[in-house]
Amino acid sequence: MSIETGVIYPERFEGTDRTEAEERNIAIVKEVFEAYSRTDFAFLNTKTIPDAEVGVAWLTPERIRAHTDDLNFVAKTFTNGMRFEIQNVVVDGNKICVQWHDEAETAHGKIYTNDGLSIFVFEDDGRVRSYLEYVDLDRVFAAI
C-alpha cells in the first residue's frame with residue numbers, strides 16, 4: 001500500500017482579516033507542513049531564531065532510549081513521505097496552532113497514523129521563536 005503524500009486541505013491555512021505579519025507567519029507554517037510531507041524534517045530549523053525552543057511534548061532522552069539509540073529515528077522511519085490532513089488552524093497574532101491528522105508508510109512497510117497539535121510562536125521579524133508538537137508518542141514509537 002502506498003500512502004499519498006502531501007498536505008490535504010491546505011485551504012484551511014487561508015483566512016480573512018489577518019495582518020501582514022500573520023499572513024507571513026501562516027505561509028511559513030504551511031511551508032513547514034509541506035516540508036515534513038516530503039520528509040524534509042530539517043526545514044523548520046531554517047526558519048528559527050538561534051536559540052529557538054523546538055520539540056515534542058513528553059519526548060525525553062530516556063523515552064527515546066527506551067525505543068531506539070538513533071536520535072535521527074524520525075527521518076529514518078518516515079522515508080516515504082507523509083500525508084497531513086489539516087483539520088483546524090487558529091491564528092492569534094504571533095501564535096499559530098494547527099490541529100492535524102497524519103499518515104505514512106514507514107521504511108519498514110508499517111502503516112502509521114497519528115493526530116497532533118502544533119503550536120508555533122513567531123518573533124516580530126517572522127522567525128520561529130518556539131515550536132511545540134503534541135502527538136501520541138506511543139504511535140510514533142510503534143512505527144519504528
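Which backbone oxygen lies 2.6 Å from a polar atom of the side chain of R18? The backbone oxygen of F13 does. The legends below concern a predicted model, in which local features need pLDDT of at least 70 and side-chain atom pairs count only at pLDDT 80 or more, while totals for chains, interfaces and linings use all residues. Residues are numbered from 1 along each chain as its sequence is written, and side-chain values use heavy atoms, with hydrogens and water left out.

View 1. R18 is placed in the loop between β1 (6–8) and α1 (20–37). Helices (H or I, at least four residues) and strands (E, at least two) are DSSP runs, numbered from the N terminus. R18 is buried yet has no salt bridge, and E23, the nearest side chain of opposite charge, is 4.3 Å away. Buried means under 20% relative accessible area, exposed over 50%, and partly exposed in between (1.4 Å probe, protein chains only). A salt bridge requires a side-chain nitrogen of Lys or Arg within 4 Å of a carboxyl oxygen of Asp or Glu. Not counting residues up to four places away in sequence, R18 touches F13, E23, I26 and V91, where contact means heavy atoms within 4.5 Å.

**View 2. A salt bridge within helix α2.** The structure holds eight salt bridges; one of them joins R65 and E62, with the closest N and O atoms 3.9 Å apart. Because the two residues are three places apart in helix α2 (residues 61–65), R65 and E62 are separated by about one helical turn. R65 counts as exposed at 52% relative accessibility, and E62 is exposed with a relative accessible area of 52%.

**View 3. A salt bridge between two strands.** R83 and E103 form a salt bridge whose closest N and O atoms are 3.8 Å apart. The pair links distant parts of the chain, with R83 in strand β3 (residues 82–92) and E103 in strand β4 (residues 95–105), 20 residues apart. R83 is partly exposed, at 22% relative accessibility.

**View 4. Further charged groups.** The side chains of R129 and E123 meet in a salt bridge (2.8 Å, N to O). R129 is partly exposed at 36% relative accessibility, as E123 is partly exposed with a relative accessible area of 27%. D115, D136 and R139 are linked in a network of salt bridges.

Key
Lys and Arg count as positive and Asp and Glu as negative; His and the chain ends are not counted. A polar contact is a pair of N or O atoms within 3.5 Å; within protein, one must be able to donate a hydrogen and the other to accept it, and residues adjacent in sequence count only if both atoms are side-chain atoms.
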